[in-house]
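Hi,

Here's the structure I promised to pass on. Have a look first, and my notes follow below.

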Amino acid sequence: MKGFSGKVLFLDRNDINTDEIIPAKYLTEITKEALKPYLLEDLSFAGFNVKEDTMDKAVLVTRANFGCGSSREHAPWALEVNGINVVIAESFARIFRQNMYNCGMLAIELPQDKIEYLFENYAGKDTSITIDLDKDTIIVTSSDKSEEINFKVGEFDKTLVKEEGWVGYADKNY
Amino acid sequence: MGKTTAEKIFDAHRVNMPFPDTHVLKLDRVFCHEITTPIAITDLMARGMDRVFDPTKIKAVIDHVTPAKDSKTAEQGKILRDWAKRHGIKDFFDIGRNGVCHAIFPEKGFVRPGYTVIMGDSHTCTHGAFGAFAAGVGTTDLEVGILKGVCAFHFPKTIKFVLNGTLKPGVYAKDLILFIIKELTVNGATNMVIEFTGPTIDAMSMESRMTLCNMAIEAGGTSGICYPDMTTVEYLWDFIKDEFKTKEDALKEYSKWISDDDASYEKVYEYDVTTLEPMVTFGFKPDQVKTVAEMSGTKIDQVYIGSCTNGRIEDLRIAASILKDKKISDDVRAIVSPATPVIYSRALKEGLIEIFQNAGFCVTNPTCGACLGMSNGVLANGEACASTTNRNFNGRMGKGGTVHLMSPATAAASALEGKITNSLLYKA
């Protein structure tokens with residue numbers, strides 16, 4: 001299983017699309033590693049500095065409809081090669097969400113009030129998150145506090161994470 | 001309780017349900033292009049699983065960057081080409097015979113009512129126009145599709161649109177789908193299928209139905225779906241005439257996929273389209289839609305007519321009817337990309353290509369290139385494009401560029417004026 005623990009990147013916007021996560025012009029790369037310098041290159045909003053903000057992050061927390069648009073699995077790959085294996089959001093576009101689990105990564109949905117709570121209490125701080133998949137719990141920690149938030153994940157999704165993706169599972173079962 | 005089209009297709013293709021709400025479906029078609037497939041191929045090779053489940057059900061095309069623009073895109077084409085050859089995939093469309101995937105695959109008769117279709121391309125939802133369940137997927141789903149001929153989905157909740165009335169002159173399927181996306185918002189149909197039904201749809205060509213279904217994904221939808229009818233049968237007839245004695249027989253067989261009257265829907269919307277205006281996007285999300293009247297006069301630098309949304313013969317005819325004997329504005333450059341070689345040939349024979357050229361358009365070979373800023377019409381920083389494509393995301397057609405999505409008619413009229421313009425200005 002991949003690692004699901006580390007510092008948090010907060011992206012305070014709805015509808016971040018896969019063109020923003022990894023622009024189409026980099027889809028000519030045929031290795032995942034080659035995508036590394038281009039993560040979130042076309043994402044621009046006030047206060048976001050791509051180089052500084054994505055450095056050494058392992059978890060992404062964002063708003064609704066993350067990963068909408070193109071089906072490119074280059075979006076999860078660009079996150080993965082930058083060390084981010086978990087995205088926590090209010091909701092995801094279907095294809096992006098499935099791509100995450102198909103790669104053995106985590107796309108965790110939390111209700112809007114819990115996402116709001118995370119932004120209010122932890123954004124702009126040195127925040128870390130650890131995912132406990134046995135207890136379906138997010139452990140969130142900053143310099144002044146630590147707490148646990150429960151989440152739900154389907155059996156299929158959890159199996160894909162534990163088996164590190166859909167190809168291995170499908171090969172065994174179909 | 002009755003069933004929707006998608007439920008009927010799921011029931012007919014379900015292999016099993018390994019987990020709650022996880023439906024593993026048998027696939028009738030796995031479509032491939034050179035952007036998302038090569039990594040699936042190299043991964044299968046690395047795993048020692050370089051196999052295909054059925055070479056007759058896999059169809060492949062080089063369409064995103066063609067002819068190759070550099071060594072990297074040449075390599076992507078080569079990986080796909082070698083793989084197709086190695087596995088005896090006969091329906092592989094290489095340079096000279098290639099077109100935009102969601103235009104060429106229907107044109108070849110590869111999609112039939114009741115089919116399950118996946119492709120590593122979000123606009124795969126286009127093929128639902130034939131009464132199929134067609135979903136865009138990522139490379140891993142594609143890889144498993146190639147290897148095993150299956151794909152896992154959650155239950156397809158369905159939203160139904162009942163559309164009544166006749167579209168006004170100057171208003172087309174593109175305007176209707178932009179209006180629908182505005183109503184649904186960019187995630188209003190996430191994890192759901194969108195059915196387009198009613199007299200407005202019954203009167204539409206397959207080309208227009210494909211334009212509608214193509215943009216289901218822009219509201220988050222898994223697949224668009226139109227019910228199969230005699231228009232579907234007529235479109236497919238050359239490919240199915242050996243299977244059926246008469247067109248009526250084909251229609252009877254295909255009609256079993258139409259949703260039952262007592263099917264259950266997540267939501268039903270009913271609209272009268274008679275007052276619908278030409279629509280256009282602003283901003284960077286496809287649900288940011290206004291009427292052309294509201295956006296009229298917005299300056300543009302480039303016009304692009306083409307893509308899997310609006311690069312078909314009907315689209316070229318409409319645009320050419322507006323451009324005939326006229327010149328585009330000195331302030332714009334304009335590009336038209338017929339979506340397939342067949343469309344290109346037909347446009348040549350009908351004199352449409354000459355009209356485009358005389359108007360000042362650059363006519364390119366069939367390719368997806370400009371739509372996603374990969375080749376053949378990339379915007380410079382700060383430029384705006386009037387485009388018949390499907391996404392207006394920030395930087396989509398080139399870093400720092402803006403895209404206004406619109407119909408081919410509005411795009412043609414806007415080319416003549418150098419600014420967003422209602423096509424009715426040019427109707428006799």
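In what order do the 3 strands of the open sheet in chain B come? It's 1-2-8, and the pairing is antiparallel. Bear in mind as you read that this is a predicted model. Strand 1 (14-19) and strand 8 (150-153) of chain B sit at the edges with a single partner strand each, so one side of each has no neighbour in the sheet. From one strand to the next, the twist averages 25°.

Zooming in on that sheet, strand 1 of chain B is joined to strand 2 (residues 22-26) of chain B by 3 bridges, and the two run antiparallel.

Next, the contact between the chains. Chain A puts in 38 residues and chain B 47. On the side of chain A that touches chain B, helix 1 (18-21), helix 4 (94-102), helix 6 (155-162) and helix 7 (166-173) of chain A each supply at least two residues. By class, that side of chain A has 14 nonpolar, 13 polar and 11 charged residues.

Is G120(B) buried or exposed? It counts as buried, because it has 30 C-beta neighbours inside 10 Å. Leaving out residues up to four places away in sequence, G120(B) touches S71(A) in the other chain, and its contacts in chain B include T36(B), V137(B) and L142(B). M192(B) is 72 residues from G120(B) in sequence and 18 Å from it in space, C-alpha to C-alpha.

Cheers

Conventions
Residues are numbered from 1 along each chain as its sequence is written. Chains are lettered from A and ligands numbered from 1 in the order in which they are written. This is a predicted model: local features need pLDDT of at least 70, side-chain atom pairs count only at pLDDT 80 or more; totals for chains, interfaces and linings use all residues. Two residues are in contact if their C-beta atoms, placed from the backbone, lie within 7 Å. Helices (H or I, at least four residues) and strands (E, at least two) are DSSP runs, numbered from the N terminus. Ala, Val, Leu, Ile, Met, Phe, Trp, Tyr, Cys and Pro count as nonpolar, Asp, Glu, Lys and Arg as charged, and the others, Gly among them, as polar. A residue is buried if 20 or more other C-beta atoms lie within 10 Å of its own, exposed if 12 or fewer, and partly exposed in between; C-beta atoms are placed from the backbone. Two strands pair if DSSP finds at least two bridges between them. Axes are lines fitted to C-alpha atoms, for helices over the stretch in contact, and angles run from 0 to 180 degrees between N-to-C directions.
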